[in-house]
Amino acid sequence: MKNIIIFGAPGSGKGTYSDEIVAKYHMGHISTGDVLRGEIKNETELGKIAKGYIDNGQLIPDELMIDILAKTYDALPAGQGVIFDGFPRTIPQAEALKKMLAARGHEMGMMIELIVDEEVLMARLLNRAKEQGRADDNEETIKKRFAVYHNQTAPLSEWFAKEGIRNTFTWAGSKEQMVADICACIDAANA
Ligand code: AMP
């Protein structure tokens, strides 16, 4: 299986569609947000550093993130394909990912971008706050995360387009349709 980078704004469904893809294709899954929340829960040194950034809606510094990503990747079984969910979020992270994979004889594979209107995103995140109680899902922090996304992460979309691996999917109201379209694209890329 080709590696997959799932890309989109906070609330665009990266985690949801990653779970669908993992269930269908039995790939590895790295959610950098989940890795960081695990570190916070276990009260590690890294968790203490990460908490300050996450609670503020800011990105963890690239160098730290790139190191965490490589360690998490190397701990997964090789050869089954991995979904990168929430990484990369900056151009230096994307360049580091490409380099890290190339050093291991691997490739980025394909990028899946989820496009969703901002009002829908905000409604979803506020709903997730009620259901899951994530500390960074409050209106003030969500607005900061949107700003960080627009300034630091969204420009990466073009970076992936230049790499020739961008595939975009626009939310039109049906999760089933999104899953079907995404799976068709994955099947075509792996054919
Ligand atoms: P997520 O669960 O992907 O929405 O991530 C939650 C938070 O974790 C983000 O708002 C960032 O503070 C931090 N984070 C996750 N992934 C990254 C990354 N690739 N680079 C920097 N910060 C990250």
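This is a predicted model: local features need pLDDT of at least 70, side-chain atom pairs count only at pLDDT 80 or more; totals for chains, interfaces and linings use all residues.
**Entry: the ligand's surroundings**

I began with the ligand.

**Entry: polar contacts and burial**

I looked up single atom pairs next. The side chain of arginine 37 places a polar atom 2.9 Å from a ligand oxygen. Glutamine 58 uses its backbone instead: a polar atom there is 2.6 Å from an oxygen atom of the ligand. At glutamine 93 I checked the side chain. One of its N or O atoms lies 2.9 Å from a nitrogen atom of the ligand. How much of the ligand does the protein bury? Taken alone, the ligand exposes 480 Å², and the protein buries 96% of that. I also looked at the pockets. The largest pocket is the space that the ligand takes.

**Entry: salt bridges**

I noted 13 salt bridges in the structure. I picked one to follow. Glutamate 20 and lysine 175 meet through their side chains, at 3.2 Å from N to O. What does this pair tie together? Glutamate 20 sits in helix H1 (residues 14-25) and lysine 175 in helix H9 (residues 175-190), so the bridge links parts 155 residues apart in sequence.

**Entry: backbone exceptions**

I ended with the backbone. Most peptide bonds are trans, and most residues other than glycine have a negative phi. I logged two exceptions. Phenylalanine 87 and proline 88 are joined by a cis peptide bond, with omega about 0°. Where is proline 88? I found it in the loop between strand E3 (82-85) and helix H5 (91-103). Histidine 26 is not a glycine, yet its phi is positive, about 55°. Histidine 26 is also in a loop, between H1 and strand E2 (28-31).

Technical notes
Residues are numbered from 1 along each chain as its sequence is written. Side-chain values use heavy atoms; hydrogens and water are left out. A polar contact is a pair of N or O atoms within 3.5 Å; within protein, one must be able to donate a hydrogen and the other to accept it, and residues adjacent in sequence count only if both atoms are side-chain atoms. Accessible areas come from the Shrake-Rupley method with a 1.4 Å probe; for residues, only the protein chains shown count as cover. On a 1 Å grid over the protein atoms alone, a cavity is a set of points where a 1.4 Å probe fits but cannot get out, and a pocket is an open set with protein on both sides within 12 Å along at least five of seven lines; lining residues have an atom within 4 Å of a point. A molecule sits in a cavity or pocket if more than half of its atoms lie within 2 Å of its grid points. A salt bridge is a side-chain nitrogen of Lys or Arg within 4 Å of a carboxyl oxygen of Asp or Glu. Helices (H or I, at least four residues) and strands (E, at least two) are DSSP runs, numbered from the N terminus.
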